[in-house]
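The following questions and answers go through a multi-chain model, starting from one of the contacts between its chains. Please keep the sequence and the structure in view while reading.

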Amino acid sequence: MKYLNRVKLLLTTLTAILMSVTFAAADLIPEIQARGVLKVGMAESPPWQSPNPSSGEYEGINVDLAQRAADLMGVKLEVVPATWSTLIPGLSAKQYDVVFANLFATPQRALVVNFTDPYSTYGFHIVVNSGSSLKSLDELNSSNVTFVGMSGTVEESYPKELYPSAKVKGIATNDIAAWIGEVASGQADAAFLDPGTFKILTTQNPALGERLKVLNGEDELVKPVGLAYAVRPENTHMLQFLNTFIKDFVRNGDHITLRDQWFEILAKRN
Amino acid sequence: MDWSVFTEFDFDVISKYLPALLNGLANNILLTVFGFLAGGIILAIPLALASLSKYRLIRWPTIVFVEFWRSTPLLVQAIWMHFAFPVMTGLQTSPFQSALIALVLNVSAYCCEIFRAGILGVPKGQFEASFSLGMTKTYTWLKVIFPQALKIVIPPLIGTIISIFKATAILSVLAINDVMRAAQRISSYTFKPVEVYTTAAFLAFFVGLMITLAGQAIEQKYRNKGGRLSGL
Amino acid sequence: MDYNWNIVFRNYELLMQGLAITVQVTLVSVLIGFSIGGIVCAARLSKKKLIKNFAIGYILFFRATPEMILIFWAYFCVPMIFEFKVSGFWTGSVALGLVTAAYLAEIFRAGFNAIPIGQLEAANSLGLKFYVKWRFIIIPQLMKIMIPPLFNYFTELLKNTSLLSGIGVAELALQAYLLGGQTFRYVEFLSAIAILYFLMIFPLSFISRKLELKGVN
């Protein structure tokens, strides 16, 4: 009997150790704090987050917010650069702890990662060439219309969703000016463009802005979606922390303040 | 024709972001040098020797490797290195590492062929003569064959440098900080693609020109010296 | 590490479309290259300094500048300047065509320079007409000298078509990248196109080297 009790004790201890080990492994926050560094994966998308062309340092709305999160945890911030295609796989591969970016919480991505609650929403303008005959949004659903957008992003997938008859061209380059330039020069007919980027564009290069025409004003933006951050599915504590963090700054209105601030900075930057 | 794009050329944008472009260009040059030294020389010579080995077990895998890396585009190799290799092995390399590895392997395959041609180009008689004079195999290789092979090898080898430089621009797809990426970023910030890409093209052409002219000068020198069996 | 090779076969059509575009780009570039290359070569061999220097400048520019940058520049800046709607396929192919012309001009020139002057003199002294001279003396020898480097360059050109993926031309490399991105099955698709490229390029490269060795003998 004593022997059996010993075995039970051993098994229970082992299980307890194993469980605590797995739980500890899953609780990212103490791990980050022990490490002293919060690693955040980011893909380039000004003004949300992107490297300043002159200094090379990452800057933007999400960089500020990531810094805040790191400060709360009492650790340093390290931005790990990634591309839009490698952003999610890199998270799964544990190259970084979380992803802070203007990520749209799509169902396909949700199969692989957990999304936080949305921290911001924005909708889209649809821009066409200023010489174009298109005047209203409904005219866009025709096979004569070609949309352009960066491949892998929602600017490419939403036109397919909303205007199934139209053609969509995906561009592989990260350069916004490049694919908006397509609409400006008449290579493509239309594109989804968010209001902030449009403001930056028209301020930085008015001549380019004049070649574009906006079909819907800011009061009737198309397909407003939520942007969210992403964590690995097993990091539930981190997810909860981020959600609380997000709720907090959304309550303060920081997400709007920061967003407007950064759009202003980039528009004025010269 | 809308020449306004050029008449209203915004030079301020260029002067502000020129350092960023030059920084990117410096990375291209660094990659070129590293790619040439690591791939074109350090890796290529053993590969060439392996491809001439009398052991089929060494020769065949080497030849397959070299042919494969010569017959596929660098773009595909770089993307494969960064996206497929991690899935296969679980090792995720950073964009810079993937780009560098793909470049070095690509260059080594090319230069391996050059060294092979060089070694094969040394008249067979040299081997026999050296052995009959009582020189050991190692001595023969080092003092007799290699110097002569070098003369055959150097002109095409120098020629590959400009190709390597041009290839580094391809690696921008992996988001490394080269001149193309810098140009894309600046264009995204300023929405002035014409100014930015034109400047980038000129800068790259300038460096390419320097490399080409230097290469031609060196090749001329060797063409004048070559063709003679000196150095014995 | 589970591979799903079936997915490559299921998307066979898209990949074949990509392959077709790759081949088309190559053909257009070659056509442009031959036509403009011939002109540039003639200019290069001309005695008039202005024309010769222009040709030298052209050749130097298109051989020293990275193709990637040329293709991007052409695609994004040409429409802004010239204000007409032109697809990525055409801007990319023309850009590659201009580069091809530069390389071909040099290959042609090497070919011409290698024909012994004595032959031309003999032909002239025999009173051979232009057409006969070219068809039976110049061109056969040109072919022998030029074919190895030509084949060599074609392999480079085929590889450079992959650069057009950056400007959205749906050639083979872009198809694989997009399909890989959609399905997260990069290994399968990228390996498949690597094999396809190899099957296209290796034969050319092999023939080129065999011909070169034959020529040496």
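Q: How many residues of chain C are in contact with chain B?
A: This is a predicted model, in which local features need pLDDT of at least 70 and side-chain atom pairs count only at pLDDT 80 or more, while totals for chains, interfaces and linings use all residues. Residues are numbered from 1 along each chain as its sequence is written, and chains are lettered from A, with ligands numbered from 1, in the order in which they are written. Two residues are in contact if their C-beta atoms, placed from the backbone, lie within 7 Å. On that criterion 35 residues of chain B meet residues of chain C, and the number on the side of chain C is 37.

Q: Which element gives the largest share of the side of chain B that touches chain C?
A: Helices (H or I, at least four residues) and strands (E, at least two) are DSSP runs, numbered from the N terminus. Two or more residues each come from H3, helix H4 (74-89), helix H7 (137-170) and helix H9 (193-225) of chain B. The largest share, eleven residues, belongs to H9(B).

Q: Which helix of chain B has the highest confidence, and where does pLDDT stay under 50?
A: The predictor's confidence in each residue, from 0 to 100, is the pLDDT, and its mean over chain B is 84, with 93% of the residues at 70 or more. Where pLDDT is low, the predicted coordinates should not be read in detail. In chain B, the stretch under 50, for which the model has four contacts beyond four places in sequence, is residues 227-232.

Q: Which element of chain A gives the largest share of the side that touches chain B?
A: This contact takes 23 residues from chain A and 18 residues from chain B. On the side of chain A, two or more residues each come from strand S2 (50-51), helix H7 (176-184), helix H8 (195-204) and helix H9 (206-210). The largest share, four residues, is that of H7(A).

Q: How far apart are the C-alpha centres of the two domains of chain A?
A: With bounds taken from an automatic or database domain assignment, chain A is divided into domain 1 (2-120 + 225-268) and domain 2 (123-224). Eleven residues of domain 1 of chain A are in contact with eleven residues of domain 2 of chain A. The separation of their C-alpha centres is 31 Å.
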